[in-house]
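The sequence and structure are placed here for reference.

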Amino acid sequence: MDPKDFRDKRVFFTGGTGYLGSLVLRKLKGRASVTVLSRDPDRFRSARPELVWDGLSFVKGEIETFAFSDLSPYDFVVHGGNPADLPKDLEGQAEFRRTAIGGTKRLFSELDRLDRPPRRILLMSSGAVYGPQPDDSSFLSEDRSPSPQDVYGESKLETELVRTNGANSRGIGIVHARIFACAGAYLPLSSRFALGQFISAARRDGTIRIWSDGTPKRSYLDGDELAEWLITLLSGRPGGEKSIETFNVGSDDAIPIRRVAEIVRESFEARGRTIRIEVGPLDPRRPPSPSYVPDVRRISKKYGLKPKKSSGEAV
């Protein structure tokens, strides 16, 4: 779906001020009326003035406690209101889970107060719900039974289940976008994302460290393409807006993680910086890093979406 088809539509967005949300907002700018849930709208306006337009408004609040003051209905809802990083301490992880589940329940509770329900809800989920990619598998498919291995993946899967049950009981269409790695504007450099870590390390001391042998595979969807895919999923197929669907969102063009580091090095060296890459040493206390590449045949078949750029070009 072309973003211009959202003209005169109202969209409510949780997580719209984060990395992925900002990419989507950039595509919707000037083409829809968007309301974003934010703890600090003024900070967002100041930090990203290029994403502000007359059709952008805010509901100030937390995902677990916010309330609509205007009960006018929304046509579409995007829910991605969770941090990208999982806290390392157990208390922080427990809070992460509570926020993910409690925030999802709060969203449905507030949607029930509107004059009518939305046509469709997009959940920005994660490929982490699958757990590690098996060594004998080239891709992670939607047909694979989820088996998350950490609180982050577990929380994402639980929000999918809460949302499915909520949508079923209300007759709302819903799509779970299980998002894999992407490369685009607003990429956080101090997070769990390998690409951001490589860029940050190169900037900091000129040395990129890979804590593996460099062979695990990754893939990267261009950030603008990812936003287009998510908007297409949000719109739904004609006649299928009320369906419940699950799709991987990412690139199936796998490249070794060492090659990702090399591309970052090449980019810096083209600007006159000398960058070193250190591989290993392997830590026997840490399991080998698995590959992480999605099977995107389902979204390609149903929506005609295929990566236009290779992973290397996206990086």
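I looked up the charges first: the protein has 50 positive and 43 negative side chains, and the centres of the two sets lie 1 Å apart. For this count Lys and Arg are positive and Asp and Glu negative, with His and the chain ends not counted, and each charge is placed at NZ of Lys, CZ of Arg, CG of Asp or CD of Glu.

I note the basis of these entries: this is a predicted model, in which local features need pLDDT of at least 70 and side-chain atom pairs count only at pLDDT 80 or more, while totals for chains, interfaces and linings use all residues. Residues are numbered from 1 along each chain as its sequence is written, and side-chain values use heavy atoms, with hydrogens and water left out.

Overall form. I found nine helices and 13 strands in the protein, taken as DSSP runs numbered from the N terminus (H or I of at least four residues for helices, E of at least two for strands). The radius of gyration is 20 Å, close to the 20 Å that the globule rule gives for 315 residues, so the protein is as compact as a globular protein of that length; the radius is taken over C-alpha atoms, and the rule is 2.2 Å times the number of residues to the power 0.38. The C-alpha trace spans about 60 × 45 × 40 Å along its principal axes.

Surface and contacts. I read an accessible surface of about 14800 Å², with 47% of it belonging to carbon and sulfur atoms (Shrake-Rupley method, 1.4 Å probe; for residues, only the protein chains shown count as cover). Buried residues make up 51% of the 315, where buried means under 20% relative accessible area, exposed over 50%, and partly exposed in between (1.4 Å probe, protein chains only). Of the contacts between residues at least 6 apart in sequence, 77% join residues at least 24 apart, a contact being heavy atoms within 4.5 Å.

Helix 7 (residues 257–269) has 13 residues and reaches 19 Å from first to last C-alpha, close to the expected 18 Å, the expected span being 1.5 Å times one less than the number of residues. Its buried residues include Ile257, Val260 and Phe268, and among the elements covering the buried residues of helix 7 are helix 5 and strand 13. I then turned to helix 5, whose 12 residues reach 16 Å, close to the 16 Å expected. Leu195, Phe198 and Ile199 are among its buried residues, and their cover includes strand 7, strand 8 and helix 7. Gly206, with a positive phi near 75°, follows helix 5.

Helix 1. Eight of the 10 residues of helix 1 (residues 19–28) are buried, so it is largely enclosed by the rest of the structure; Lys27 is one of the buried residues. Gly30, whose phi is positive and near 75°, follows helix 1.

Two single residues. Leu221 is found in strand 10 (residues 221–222) and is buried, with a relative accessible area of 1%. Leaving aside neighbours within four places in sequence, I found Leu221 in contact with residues including Cys182, Trp229 and Pro307.
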